[in-house]
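Please consult the sequence and the structure shown here while reading.

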Amino acid sequence: MWVASVHSRNSRTARRECLARFAQPPQETRNGRLAELSVLCNVRLCVEGVDFPLADSVLFADPKQSTIDIVQAIGRALRIGPGMNKISTLVIPVLFGPGQRAEDATFGTPYHLLHQVMIALKAYDEHYFRRLPVSGTRLQLLAPAFAIRPARAPEIAPHLMLRIMEPEPDIWETGMACAQDFFDTHGHLSVPSNHISDDGFHLGCWLGYQRALKAAGNLSPARVAALATYNMPWAHPKDSTETFLGIAQAYAREHGHLLPEPTQSYQGRPLGEWLAEQRRQAGDGTLPAPYQRALKDIDPWWNPAWPEEWQRMCTRARTHGKPLALWAGPLPTDADPLTRWLDEQFDAFPALAKGQQTQLAALPLQDDPLALALRRPLGSQAAFHARGLRAARRFYRTHQHLRVPVDYLDDHTNPSFWLGKWIDDLRVLARAGLLSREEIDSVEVLAMEWAAGPQHATNPTPLSGTSTDERPPVQRPQPVPGFADAQEHEHGQDFWVTGREPSPPMLPDVILKGGRRVLLSMPSGGGKTMTVATAVHEVASRACLVIGPDRTYLHHVVKTWRMVSRGPLAGIKIRPANGGGAGDKLTTAGQLADWMRQQPSGALVVARFSDAALIAESHRDHHLPPWDHLVVEEAHRTYEGITSSDHPHAVIHYDDGILAYNRLYLTATPRIPGEPPGRPGDSRTEMDWAVDMPDQPIFGTHHSIVDREQLVDEGRLSPYQLMRIQVPDLPGFPAWRAQAIGAAQLIEQHRLRRVVAVLKDHKQAEAFGCQLAVQMLDAEILIPRETAVPYPHNQPVIRCQRATDPASSDIDALVLPSSAYTTLELVDILSPLLGQHPERAAQTAIIVPELVSPHGEASPAAPSAFLRRIAAALWAHDPTGTR
């Protein structure tokens, strides 16, 4: 027996070794001895994202409270590799009373939910048969089928005081009925592997499964006898899919891939021709899912979406056996084909498919500094560095140095890359300690000269309290029109006061010296925060207050500001930096005033909208001086604060609330329509505005620096598309179930990998996620308060959450099943997706699974009220784009 455990305190290496050992087949045994038993204990580390085809049992030592976790955990034992014959056993430790039923024994215990899910097991039995492509009418099965119990189970179970539960296997009866019909018609059961009966049952696939069960000794004598009445041939036919799968497995073991030439034969059989036919069927959607999964288990890249020759070269590089290297300078004339191919991948990497990039990242190049550009970047900053590294190598190969002019433009890519400015930025980031060791090594191999920066042996240390793995991209700030001029006092400046008594002691000073306001609008992801942080730093602001919607948003704001200035930092009722490593937490109005009096020039304080009243109290009761600059992030969310002086957000806008000489309002959506414009010629006055900040003098002069379409054209923002799929609204059938099925189809069809589904509440999020887990076995489904586990393979990660939950900063699709959201809420929901950088997602998608009557005609030309609200939210983000 081999026993091990994996948990959060394991090192990454120890955990990887345990998982690899558990995935190996058992050691050979002498005759008369039991096979080796492998047991792996874990707490949620092996629930999803790992693949153990050899695992044949799951013991739930602790009850599960999440249906999604249960379904995913069961799946670890239900996977089957090619040529394998196994029966999976699921064990629940529940005490039974004399004559007590399982339902009664589990009811009221922590295992009740687990038992219910295991009894249903629809997630997998339906996947095995119902999800197969059907050419005729879909066969309706009232209940799923279950595997036969292990051999000698009735004999052994009583001695161990175990009870075996086995629901009625209706699929067996269905398969036997179809087999009888075929036998009555043809007089035999030599059924082709891909044969589908008239009512949609995959008879060929089912009979192949029965042969595999019998070969493993797991088909009961009664069933063997039942099939024998129809002269069932127990050997796999010579031309069956099962026979060719065995040949394919042998070929892959010998060659390392499953990509023979179309005319190639192996073991005397036309393997290349057969595989070409399987690829054609897979493309047509007619290859049964179990066969696709079996081929994928043999070789995950058996049917690549890229040239097969590329895949063969990649396999050759992976199994080369000798160290691989990327050349910094020009290639020697006698370089071998593999070296030349690898060199081409360095420049072509951004244009490759995700599967190609994943394979290149796994090549044995760990010690090569340039290999940094052959990895999927973990953030926009890493992606930007890889892009610069490719441009730098092109320059180095031509000039044999990296003394790049500041205005040098690398035009080998579209859009062009300002290499000189990037090199200059590297020196600045290195002096600030914001470059990792890998990033420094990658440019030093190209003869990088740091000039006045750190010496080559210097190892920059990360900025305190900042994670270098999640840095925002280096965004070039845009000039703020009129910002420098606005620092001078303007006579005749308007002021807004509530007239409350007592007024702050220093209000007259604000009226005499300040009161300036600017409304700055830039698209989501366009660099608003960086632009304002740079402008404020350049005018040497004594003290700046940044107000935002929530803690997560403010943490991202602080990361950007700390790239510009490293002055004193504090947060109101929050730690200003994620992880609590930098800055102070101030909880009272008195603390804020005392802290500010002790700080030198350049202090930055961040606060949530909900804590604005505490700041106003500090001005009024503790003589807190006015801020040089008050920056309001996501300012459109505070729009209602101008409607009444009693509104909680009013203190943000009124001069006798928060005292500030300069107010800067930042937003991507200064205007939000209640309904989208009907025609391009519609004027502003003809529309019902939910938010119209430029028309309100209290927000100051409006400056729109750049529009979204321009940033997309420049390659700084990702384009988006709206995907609308109509699903039937069936009576007695939960709406979210049909919507989840429709969304799963689009996610798989478009190979989306980082998806967020926004639901109304926690209950809906969990139900929607459960249905997605049923539809997408290999996806990682997350619900609120769960975090993703980083796995090495490229599995889809789908987060089901509420609109109020913190949004992920790295997504490529958004699913909107709920129609309960207003236009204002949709504006904020869409913001993270529309702010994606092309290095993270080349194309983003908004998926709307729309319910329609099952008896009515689909009407794509008649958008629902919810689609019109989505259109209004998109117009707010992109008013100059296509309507």
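## Helix packing and burial

The model is a predicted one, in which local features need pLDDT of at least 70 and side-chain atom pairs count only at pLDDT 80 or more, whereas totals for chains, interfaces and linings use all residues. Residues are numbered from 1 along each chain as its sequence is written, and side-chain values use heavy atoms, with hydrogens and water left out.

The protein chain contains 29 helices and 20 strands, these being DSSP runs numbered from the N terminus (helices H or I, at least four residues; strands E, at least two). Of its 883 residues, 49% count as buried, that is, under 20% relative accessible area with a 1.4 Å probe and protein chains only.

Two helix pairs are set out below, with axes fitted to C-alpha atoms, for helices over the stretch in contact, and angles running from 0 to 180 degrees between N-to-C directions.

| Helix pair | Angle | Axis distance |
|---|---|---|
| α28 (residues 823-834) and α29 (residues 865-877) | about 60° | 9 Å |
| α13 (residues 308-318) and α15 (residues 354-361) | roughly 15° | within 10 Å |

Angles under 35 degrees count as roughly parallel, over 145 as roughly antiparallel, 65 to 115 as roughly perpendicular and the rest as oblique; α13 is therefore roughly parallel to α15, while α28 and α29 are oblique to each other.

On the α28 side, the contact (heavy atoms within 4.5 Å) is made by T823, L826, V827, L830, S831 and L834, which meet residues of α29 including F866, R869, I870 and H877. By class, this contact of α28 with α29 has 10 nonpolar, 3 polar and 1 charged residues, where Ala, Val, Leu, Ile, Met, Phe, Trp, Tyr, Cys and Pro count as nonpolar, Asp, Glu, Lys and Arg as charged, and the others, Gly among them, as polar. The buried residues of α28 are T823, L826, V827, I829, L830, S831, L833 and L834.

In the other pair, W310, Q311, C314 and R318 of α13 meet Q356, Q359 and L360 of α15, and the residues of that contact divide into 3 nonpolar, 3 polar and 1 charged.

Elsewhere, Q210 is placed in helix α8 (residues 203-215) and, at 3% relative accessibility, counts as buried. Leaving aside neighbours within four places in sequence, Q210 is in contact with W172, L219, L227 and W234.

How values were computed. Buried means under 20% relative accessible area, exposed over 50%, partly exposed in between (1.4 Å probe, protein chains only).
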